[in-house]
Amino acid sequence: MWPKASFSPSSPASEALFQRLRNREAESKDLRKQVRRLEKKADRLSKNNADQAATIADQAAKISRLEDRLEQAYRLLPGKKSERYTPADNAQQGRLSGEEPEAVEPEEEDVLVKRKRRGKNKPVRGPIPDHLPREVIRLEPEGSTAGMKYIGEEVTEYLEYVPGFTRVVRIVRPKYVVCKEPRKGVVIAPLPKRVIPKGKAGPGLLAYLAVAKYVDHMPLYRLRKKFQRHGVKLSAATMGDWIAKVATYLGPLGDALRKEVLRSGYLQVDQTTFPVQKPKKKGKKNKGKTHRGYLWVYPAPRAKVVMMDYSPSRARAGPWEFLRGYRGAMQTDGYVVYDAFGTRGGITLFGCMAHARRKFYDCRKKEPKKVRHVMEEIRQLYAIERGLRKEGAGPARRVEVRQEEARPVLEKLKPWLEESREHRPSAGWDEAVGYMLNRWEKLACYLEDGKVEIDNNLVENQMRAIALGRKNHLFAGSHAAAQRSAVLYALFATCKLQSTNPIE
């Protein structure tokens, strides 16, 4: 405090003091403004950092998903592909427990180990089938054999191919009339029943065209060139019409297959794309444009029959209508459309272990230790199934062995998967674990039913023929043509399961 004697509001000292105070107050005000600006700037930077961190996390997740898709796309390229798992060292696998199994570093050993090639075995010639016709050519030694004694002969056989040929069948029907009573009319033999009345194609030619397209996957333009080499000119449009009439003629067989599938009690279901050419619109160019349709495949493993149905979309309406009245087991992948069938009375849904396994296989490079453990446990489940097939076990025996050997594996695998979840927002391990755990009940219920397989690989095998045909034929001409193709594909697939020659 200033001395009273020296304090005076109007004195020069007090004026200087007040001026210094005002200056300090102005400086303090400026400092507070700067502090507030710095605090706002810090908040903005902090928010930007948080946004950037979130963006980086999203981009990392996106990159991870794109890498997975890129790897899957590489697997779709032509070449040898296999998801076979062979453990590198059983001693390092570890049993199902709460701990992760000890594993070799991925640089030293990959998750999937290639099998060692066995020594090259000498090829063994199989016998030539006895049912084939034989042409005997007898070769005598040069010169005279007079005075020689016959002691035996050397027989050499080899296969020869006689190129196919086209012939014309002419049916001649003599006409008669009763001489004494000409009013009775002309007498003539009736024509045999034909697939295409008044058509120029015989049953052998029609069967060959259908088998060549849907079993050998030959497009019609190649078949046209093949006939041209024999001096026969047939247009692709004509052959297409013939095949369409064959499919219509065989329609009742398709209906019989559908009835057989519906009463089989166990079927597998899957679908694959089937392009269909869009109809041409007047005044518009739509050349090359196709509609993405779907072929739904319904094999019945126990009955050894297959039925297929075409649908313009992948919606539930197609299989929902086709399977109307079905009761029994239904094995599918994780497509959400199939969940609705669980609400239908009498249908029990089963999952596919191969699809669950594939999810782990796809992320084997990101989580090699964890994937190795899961693949080893799933391998044990498949080893049990191989043993049952080798034994030729029936449904009751399959249930007994599965309960005794497979159930303990699944009971230990589930809690291990639940503990290993990391809930990361990226494709990979968590996606695979989530897929398996969300469908656990459907995947494990095969233990209770001996007629059900562990996966639906049978339907996957049936779709290979469709994929090959799609690659060569490119598309169907219309939705009706796609449905006819479904009937023919189903008939020939059933012939294969029944070990029947389709052309017969």
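Predicted model: local features only at pLDDT ≥ 70, side-chain atom pairs only at ≥ 80, totals over all residues.
Residues are numbered from 1 along each chain as its sequence is written. Local features require pLDDT of at least 70 and side-chain atom pairs are counted only at pLDDT 80 or more, while totals for chains, interfaces and linings use all residues; side-chain values rest on heavy atoms, with hydrogens and water left out.

The protein contains 13 helices and 8 strands, taken as DSSP runs (helices H or I, at least four residues; strands E, at least two) and numbered from the N terminus. Of its 504 residues, 34% are buried, where buried denotes under 20% relative accessible area, exposed over 50%, and partly exposed the range in between (1.4 Å probe, protein chains only). Among contacts with a separation of 6 or more, 66% are between residues 24 or more positions apart, a contact being heavy atoms within 4.5 Å.

Side chains of opposite charge can pair when their charged atoms come close. The structure holds 14 salt bridges, each defined as a side-chain nitrogen of Lys or Arg within 4 Å of a carboxyl oxygen of Asp or Glu. One of them joins E376 to R379, with the closest N and O atoms 3.0 Å apart. Both residues belong to helix 8 (residues 368–391) and are 3 residues apart, about one turn of the helix. E376 is buried, at 5% relative accessibility, whereas R379 is partly exposed, with a relative accessible area of 26%.

A salt bridge also forms between the side chains of E385 and R402, at 2.9 Å from N to O. E385 lies in helix 8 and R402 in helix 9 (residues 395–420), so this pair ties together parts 17 residues apart in sequence. Both partners are buried: E385 has a relative accessibility of 1% and R402 one of 0%.

In the salt bridge between E448 and R407, the closest N and O atoms are 2.3 Å apart. This pair links distant parts of the chain, 41 residues apart: E448 is in the loop between helix 11 (440–444) and helix 12 (457–473), and R407 is in helix 9. E448 is exposed, at 51% relative accessibility, while R407 is partly exposed, at 23%.
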